[in-house]
Amino acid sequence: MWLLLKSFGDAFKKFDLYVKSDSMKKLFADVGTDVVIMSPPCTPYGNCSRFNRQHHHQTWIESRRNFDPISSLCGEVALYQLSIHRDFLIEQPQGSELFLIEPWPRVGRNLRVKKWTFDQCMFGLRSPAGVEPQEIWKKRTCVLTNIPGLASLSKNCDHSHVHT
């Protein structure tokens, strides 16, 4: 899994998330990341994972073993961004248990951090290309961020359409 970093006018820099490095803070400082947008895998944390935890427990354990370090690293990135007064955003499905993984509880307690939800159908989410018929998908999503202006994008489904 890779993290791509880009500062304005520069090329992307690639960072292997499976190789946790002490130079991560230096990398972020060198790139000059004003905003970090993160979307780590929701596989072991989303609503479907609760079924897997119960019915396919070993698979769920393996998934946690693979993704917990990445989720923790993302939390460390968020804490670092907060410490230098820069921004971050992370998205997960509503109800994700990712935010229970350390250091996410500490991130969430920061007074500058807000959590809000929105339904992706309100922004035009459709079934993948090639899937017929094209359907509107609701997919309730949670965002945790310290970017204050984004809360205005919090929109719940207005039921003006039909979705699956």
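This is a predicted model: local features need pLDDT of at least 70, side-chain atom pairs count only at pLDDT 80 or more; totals for chains, interfaces and linings use all residues.
## Overall fold

The protein chain has 164 residues. Its secondary structure consists of 4 helices and 6 strands, arranged along the sequence in the pattern β-β-α-β-α-α-β-α-β-β.

Of the contacts in the protein chain with a separation of 6 or more, 67% are between residues 24 or more positions apart.

## Burial and surface

In the protein chain, 38% of the residues count as buried. The accessible surface amounts to about 9800 Å², and carbon and sulfur atoms hold 57% of that surface.

## Nonpolar core

The largest nonpolar core contains 19 residues. Met 38, Phe 88, Ile 90, Phe 99, Trp 104, Val 107 and Leu 144 have the most contacts inside this core. Two or more residues each come from β3 (35-38), α3 (57-83), β4, α4 and β6 (140-145). The most are supplied by α3, which gives 6 residues.

## Glu 97

Glu 97 sits in the loop that joins β4 (87-93) to α4 (104-109). Glu 97 counts as buried because its relative accessible area is 14%, and the cut-off for buried is under 20%. Not counting residues up to four places away in sequence, Glu 97 touches Tyr 45, Arg 50 and Arg 53.

Note on methods. Residues are numbered from 1 along each chain as its sequence is written. Side-chain values use heavy atoms; hydrogens and water are left out. Buried means under 20% relative accessible area, exposed over 50%, partly exposed in between (1.4 Å probe, protein chains only). Contact means heavy atoms within 4.5 Å. Accessible areas come from the Shrake-Rupley method with a 1.4 Å probe; for residues, only the protein chains shown count as cover. A nonpolar core is a set of buried Ala, Val, Leu, Ile, Met, Phe, Trp, Tyr and Cys residues joined through side-chain atoms within 4.5 Å.
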